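Trainee: Could you take me through the aromatic ring pairs of this model, with care over how the rings are placed and where they sit in the chain?

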Amino acid sequence: MKPANLLRATALGILLAAHAPQAYAQAEIGAELGVFSSYVWRGLSLTNKPVVQPDVYVSFPAGNASITLGSWANFDLGKYDDPENDISESGGLSAFNLSEYNPYAEVSFTAGKASLLGGIIGYIYPNDLTATSNGGLGTESNTWEVYGTVGLDVPLAPSLALYYDFDKIKGAYLEGAVS
């Protein structure tokens, strides 16, 4: 390209950029699907057979923060028919059984080198279990937690999370990590 044409193209680019409409952040809609050989939560085995775990969410900006609303679920893929050896969150009475549903809402933002997040999550167990089921969690176990996390953008990226069950358990779970 000739120097004169390059100069004209550069000037046109600058002129167009100077009058470009301002862009605004928009909502993000997401979906994830995990398939696992078992379901282990906070170190506790809730199933010992394959599960499917879908998660759907919408996240949108709110000033300097981001608000996310979503739901996560766990489905037992197979029927559990050996009470001596099977562990099933849903009682294991049928295949592809919804065993847990977790609606959640959270707000996140950054402050300097810190990332802060706070939210609420429900643990909903939709199955009414009977004496013939393989253990599991039923509707009497439904509960809610509030939580907060802080992560630092420094070497080893330390983070700390605190979950407090204010409904059934009325207790806290603290987790620290580095990566």
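**Aromatic ring pairs**

Mentor: In this predicted model, the count comes to five aromatic pairs when ring centres within 6.5 Å are taken to pair. The rings of Trp41 and Tyr123 have centres 5.4 Å apart and planes at 55 degrees, so this pair is tilted, given that stacked needs planes under 30 degrees apart and edge-to-face over 60. Distant parts of the chain are linked by this pair, since Trp41 belongs to strand β2 (residues 39-41) and Tyr123 to strand β7 (residues 114-123), 82 residues apart.

Tyr147 and Tyr163 form an aromatic pair that is stacked, with 5.2 Å from centre to centre and 25 degrees between the planes. Tyr147 lies in strand β8 (residues 143-152) and Tyr163 in strand β9 (residues 159-165), so the pair ties together parts that are 16 residues apart in sequence. Tyr147 has a relative accessible area of 10% and is therefore buried. Ring pairs also bring in Tyr173, which is linked with Tyr147 and Tyr163 into a cluster.

Charged side chains also meet aromatic rings here: the charged end of Arg42 sits over the ring of Tyr163, 4.7 Å from its centre, and the charged end of Lys49 sits over the ring of Tyr80, 5.0 Å from the centre of that ring.

Methods
Residues are numbered from 1 along each chain as its sequence is written. This is a predicted model: local features need pLDDT of at least 70, side-chain atom pairs count only at pLDDT 80 or more; totals for chains, interfaces and linings use all residues. Side-chain values use heavy atoms; hydrogens and water are left out. Rings of Phe, Tyr and Trp (its six-membered ring) pair if their centres lie within 6.5 Å; planes under 30 degrees apart count as stacked, over 60 as edge-to-face and the rest as tilted. Helices (H or I, at least four residues) and strands (E, at least two) are DSSP runs, numbered from the N terminus. Buried means under 20% relative accessible area, exposed over 50%, partly exposed in between (1.4 Å probe, protein chains only). A charge sits over a ring if NZ of Lys or CZ of Arg is within 6 Å of the ring centre and within 35 degrees of the ring normal.
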